[in-house]
Amino acid sequence: MTVDVLIIGAGIIGSAVAEACARRGLCVQVLEAGIPAAGTTAAGMGHLVVLDDNPAELALSRDGLARWQARQHALPSQAEYRACGTLWLARDDEEMAEAERKQILLRQHGLDSQLLTADELRRCEPALVNGLAGALRRPDEAVLYPPVASRWLLSQAEALGAVLLRNAEVNCVNDEGEVSLSDGRTLRAANIIVAAGNQSTRLVPGLPLKPRKGQLLITERYPATVHHQLVELGYIRSAHTNDGDSVAFNVQPRATGQLLIGSSRQYNDLDSGLNWPLLQRMLARACEYLPGLLALQALRSWTGFRPATPDKLPLLGRVPGCQRLWLATGHEGLGITTALASGELLADLLCNTRPSLDPHPYDPARFDTWTAATPIQAVEAATC
Amino acid sequence: MSDLHTEIAIVGAGPAGLAAALAVCEHGRAACLIDDNPKPGGQIWRAGLTAGSRSATNREAWLTNPAIPAELTARLARVEGLRVLPAARVVATQNAGSLLLEDASQARYLHYQKLIVASGARELLLPFPGWTLPGVTGAGGLQALVKQGLDVSGKRIVLAGSGPLLLASAATLRAAGAQVLLIAEQAASRQLAGFVWSLRHWPAKLAQAARLRWALRGVPYRAGSHVLAALGKERLQSVRLQQGQHVRELACDWLGVGFGLVPNTELLQALGCALQDGSAKVDALLQCSQPNVFAVGEACGIGGVDKALLEGRMAGLAAAGQVEAAQALIPARAHQLRFAAQLAHHFSLDPAIRQLADAQTLVCRCEDVRHGDLLAYNNWREAKLQTRCGMGACQGRICGAACATLYGWPVTGSRPPIQPTRLGSLLQLETTEAPSS
Ligand SMILES: Cc1cc2nc3c(=O)[nH]c(=O)nc-3n(C[C@H](O)[C@H](O)[C@H](O)COP(=O)(O)OP(=O)(O)OC[C@H]3O[C@@H](n4cnc5c(N)ncnc54)[C@H](O)[C@@H]3O)c2cc1C
Ligand SMILES: Cc1cc2nc3c(=O)[nH]c(=O)nc-3n(C[C@H](O)[C@H](O)[C@H](O)COP(=O)(O)OP(=O)(O)OC[C@H]3O[C@@H](n4cnc5c(N)ncnc54)[C@H](O)[C@@H]3O)c2cc1C
């Protein structure tokens, strides 16, 4: 039997695409080499946040957040969805001006936010250091626990008839709709979607995708120490630098009362072990904002790799020059937020219906150097 | 705080670590001995409340622990070049050659040339209905509580589980005035008889067993018997036991249950040392798969105090450059390893022990994960990600070993820090590179 859609990778992106396709009545198979939701998805922070560095990022994250909000009540309690809101922290007048700019921009897109003065900020988050200039509060943003949310999406797809194949490591794909597995099997489908996160480059060589390492640390339980997800306004600068290592203050109150502390960004370090100097920089930064952290017990730290494109926007659409071969990856540090939006967009493209978002900014063909360098013949030659 | 430097760092001041320290320093080398307890002695010689000042920083005061054989203490008191760091925990390994230590007031790096890991073992606790009730503890855990001052005089106590530790624990409890109602050993009487018969090759062990049995005269010791459930509302009131074909209930105040021991390998894993069957993989001279790291005592395989003392000595000699002297002990170690194999063989777990938990029984106490929640999974990583089993304060120290026993999942993926650590300790920035040797 030939299925309509074969999805490679059961991370949150593959799972969201599977669910959106299954909901449209397509016959879906998901191939997972390892354990569903145990790749980058298991390492992520699970902050559902609108970022506004460029219009395309804003559009996708806004749509993604709205879709999570709409489905929050269907999530299992273990997904720990909590609408705790985000506070963008301003250290000085310059950052306060940035907060104001952000508020205006968000309002233009129908997103509510409030500016907090230094006093108001202190009252709502007393654990923060004195002397901050204020904050911008985004009340409707949320956090969730990504592995469970991701697995839930996949089980929704399964309930609609999608089939998950475990221990199915894909070795190569082609535009004829063929997928070869490392155990020797060949599967066929009308369409193939590569949603293999960082490993997507193995299947589609030349993909403009680089792993960007991040580190997080979680504490023991300290309920009600912090109430919002706290992010410094400098975060975007850190997220959008193109080289060099960076850290930014980013702290999340988990439903368990634990504090999840981020974040760092690093290219060219493929070692999954901890980078201590960078961890220390990250923690030092966190303690500048939350001095009380120094006395708390750290339980565990880990690393993860964000699949990053040069412009930090995902790759959603056909592989340039291909008909049956599609991409759904490259979500960098925002893939939990944008998973549902990405799933819808790709499913619409696949079904030839008009997506609610303009798909062009995410079209893999935007990287024209890559299009020229890797016609599909080259892909086949290199992978089969 | 400024960094510490030593030639040979030894983690753990139980029998293995103490023997290693002695061998190193008696051969003119410098050692630094770290243990997270205020006093030396490890599990078997756990110091009681009376064992001198508990905040001693000078070596002699620290060493006063009457539980440790006097000859060992006397020799340790005489050596030069031994530095002790009591009540300090190794919490992280940043790069080869340095450990991050934390104590109540500070954190600092210790740079070493060679490292001997003598981190010992903990009890294997397996879930059964009621095991989280107050009044239910580990068998060795209850012994430790008593040594640290818990008053059990006149209390009715049942010990259950497996292995010689049940007897050692019972002897301590009885000496403290407790009424030990029953020792329920899960191994069948045929297995036990085989073990006792094998002891003729280890006369010292046989004598030790005989002494324990004498100390425990009158206390029923039942083979082929295991706990089914701990019963009680707010607190333990009685225990239900399987004894052969019969089920029996016994009213009691305390229930201590331990199914054997599990090596503490977190530090070894953080160092990147290979494991085999759950303990450190070592060569004939106790060297791990990473250079300049040795593992000794329970950390490289459960085998009791004599094995621990011998291996500590061997690794100490080897680390101090006395390779021939260390090699001369290889046959003696082989003898101890045969004893360890007897232990493992004769006290192997009855498959019924894996079936004690019902769907409602907690497996992970930190995160409230029940046996029924875990049945849907077939590996540790997925179960952990989806249920949070092992993600709590103990980081799977207890439920990881339980899941390995119950479901056959090898435990993977230990992450830093090695133990919960103050964030401020991780921020210790004044590290300098280890001096080249
Ligand atoms: C430290 C950190 C913090 C983050 N914080 C946030 C946050 O707060 N908010 C947010 O929105 N996002 C966050 N992210 C980003 C988010 O986690 C990722 O964008 C997202 O998880 C990517 O999902 P994915 O499905 O593309 O990749 P993955 O989860 O890696 O899934 C890919 C799957 O494909 C499988 N696979 C790979 N190769 C093959 C093959 N050949 N055959 C079969 N299967 C294969 C893998 O086994 C894996 O399961 C964070 C990321 C990191 C690292
Ligand atoms: C609860 C319990 C009770 C026991 N009671 C008895 C008994 O009564 N009789 C008997 O014969 N055997 C008993 N045993 C068996 C015991 O394991 C051996 O007899 C013997 O103590 C093993 O010696 P060792 O040096 O290998 O380890 P241990 O004696 O366990 O010593 C290891 C030491 O290392 C320390 N340590 C570990 N990790 C770190 C770290 N990261 N930082 C700092 N310090 C660290 C530990 O706190 C401990 O003090 C008991 C075991 C347990 C678990």
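Okay, let's start with a polar contact: that's a pair of N or O atoms within 3.5 Å, where within protein one must be able to donate a hydrogen and the other to accept it, and residues adjacent in sequence count only if both atoms are side-chain atoms. Here's one from chain A: a polar side-chain atom of A:E232 sits 2.7 Å from the backbone nitrogen of A:F249.

Quick housekeeping. This is a predicted model, so local features need pLDDT of at least 70 and side-chain atom pairs count only at pLDDT 80 or more, while totals for chains, interfaces and linings use all residues. Residues are numbered from 1 along each chain as its sequence is written, chains are lettered from A and ligands numbered from 1 in the order they're written, and side-chain values use heavy atoms, with hydrogens and water left out.

Back to A:E232. Is A:E232 buried or exposed? A:E232 is buried, at 3% relative accessible area; buried means under 20%, exposed over 50%, partly exposed in between, with a 1.4 Å probe and protein chains only. Contact means heavy atoms within 4.5 Å, and, skipping residues up to four places away in sequence, A:E232 touches A:W88, A:L89, A:R91, A:A248, A:F249, A:R285 and A:Y289.

Zooming out, chain A is divided into domain 1 (2-44 + 146-209 + 311-382) and domain 2 (82-141 + 211-307), with bounds from an automatic or database domain assignment. Their C-alpha centres lie 30 Å apart, and 12 residues of domain 1 of chain A are in contact with 15 residues of domain 2 of chain A.

Now over to chain B and ligand 2. How many residues surround ligand 2? There are 29, and the closest are B:D35, B:D36, B:Q43, B:Q143 and B:E298; to be near, a residue needs a heavy atom within 4 Å. That shell splits into 13 nonpolar, 11 polar and five charged residues. Nonpolar here is Ala, Val, Leu, Ile, Met, Phe, Trp, Tyr, Cys and Pro, charged is Asp, Glu, Lys and Arg, and the others, Gly among them, are polar. At least three shell residues come from each of domain 1 (4-122 + 262-343) and domain 2 (127-258) of chain B.

B:P15 has a backbone N or O atom 3.3 Å from an oxygen of ligand 2, and a polar backbone atom of B:V90 is 3.1 Å from a nitrogen of ligand 2.

Last stop, B:G297. B:G297 is buried as well, with a relative accessible area of 1%.
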